[in-house]
Amino acid sequence: MERVRTTHEVGGQGLSDEYNSKSTGWRYDWSEEESRKNLLRTHTTAASSRTLFKIAEVAKKQGGQFKPQKYFSIDRVFRNEALDATHLAEFHQVEGFVIDRNLSLGNLMGTIADFYRRLGPEFKDMKFKPTYNPYTEPSMEFHCYHEGLGKWVEVGNSGVFRPEMLRPMGFDEDVQVIAWGMSLERPTMIKYGYDNIRDLFGHRIDLNMVRKHPIVRWA
C-alpha cells in the first residue's frame with residue numbers, strides 16, 4: 001500500500017529501481033479511504049490496466065521480452081452528466097491500446113486518424129485538441145464535424161500512458177503504451193446522421209428502429 005501511496009504522491013521516489021517510475025507523480029495526498037470507495041465505472045481504462053499487468057507478468061518470465069500487441073474492448077460506462085443532444089449518463093466506450101517500444105504521440109495520432117478514416121468519409125475532417133488525463137501525458141481529445149448539428153463534436157480521448165502506470169508493473173523504460181477511448185454512440189450519430197444521441201440509446205429509443213436495423217443478433 002505504501003508503494004501505491006509513494007507512486008501517486010512523488011512517482012515512486014525513494015523506492016527501489018523496480019518500482020521507481022522516475023517521474024514526478026501527481027503531487028497530491030493520496031487517500032486509502034478515498035480509493036476504497038465504490039464507484040460506477042466512468043471509463044474502461046481499468047480493464048486496460050489489468051491487461052497490461054498480465055502482459056508485464058508474462059514479460060518478466062521471458063526476461064523482459066514481449067511482442068508488440070494491440071488490445072480492444074467495448075463496455076458500459078457511467079457519467080454524472082446532464083442529458084442533452086450529445087451527452088448521456090450511461091453509454092458504451094470503445095477502448096484500445098498498443099504496447100511497443102519507443103512509441104510516440106505521432107504514432108497515436110496516426111492510429112486514430114486511420115481508424116476513423118476506415119469508418120467512412122463522414123470522418124474525413126478530424127481535429128486534435130490538447131487536454132488533461134491523470135494517467136496519460138501528453139493527452140488529446142479528438143473531434144469530428146457533425147453536419148446535422150453544424151459543429152465539431154468530441155468523439156474520443158487519448159494519450160500516452162505515464163511512467164507511473166508502466167514502470168511499477170516492471171516494463172522497461174523504452175516501453176510505451178498509446179491508448180484511446182471513444183463512445184460508440186457519438187460516431188454512430190455522425191455516421192448515420194442522428195442529431196440526438198438519445199435516439200440511439202436510452203429510454204426514448206424507438207424500438208421499431210432497432211427491429212428494422214439490427215446490429216447484433218442474439219442466438
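Reply:
**A loop serine and its surroundings**

Leaving aside residues up to four places away in sequence, S23 touches V10, G11, Q13, R162, P163 and E164, where contact means heavy atoms within 4.5 Å. The model is a predicted one, in which local features need pLDDT of at least 70 and side-chain atom pairs count only at pLDDT 80 or more, while totals for chains, interfaces and linings use all residues. Residues are numbered from 1 along each chain as its sequence is written, and side-chain values use heavy atoms, with hydrogens and water left out.

S23 lies in the loop between α1 (2-10) and α2 (32-35); helices (H or I, at least four residues) and strands (E, at least two) are DSSP runs numbered from the N terminus. Its relative accessibility is 18%, so S23 counts as buried, a word that stands for under 20% relative accessible area, with exposed for over 50% and partly exposed for values in between (1.4 Å probe, protein chains only). The side chains of S23 and E164 are joined by a polar contact of 3.0 Å, that is, a pair of N or O atoms within 3.5 Å; within protein, one must be able to donate a hydrogen and the other to accept it, and residues adjacent in sequence count only if both atoms are side-chain atoms.

Of the 219 residues, 36% count as buried, and among contacts with a separation of 6 or more, 57% are between residues 24 or more positions apart.

The largest nonpolar core has 17 residues, of which I112, Y116, F142 and C144 touch the most other members. Such a core is a set of buried Ala, Val, Leu, Ile, Met, Phe, Trp, Tyr and Cys residues joined through side-chain atoms within 4.5 Å. At least two of its residues come from each of β2 (90-101), α4 (105-119), β4 (136-146), β5 (151-161) and β6 (175-183). Apart from this core lies another, of 16 residues, including A59, F66, F97 and V175. As for Y116, its contacts beyond four places in sequence are with F123, M126, F142, C144, V155, M182 and P187.

Strand β5 holds G156, which is buried with a relative accessible area of 5%. Beyond four places in sequence, G156 is in contact with M140, E141, F142, G181 and M182, and its C-alpha atom is 9.1 Å from that of Q93, a residue 63 positions away along the chain.

In strand β4 is H146, buried with a relative accessible area of 3%. The H146 side chain reaches the backbone nitrogen of L149 at 3.0 Å, and one of its polar atoms lies 2.7 Å from the backbone oxygen of Y194. Beyond four places in sequence, H146 touches K151, V153, M189, I190, Y194 and D195.
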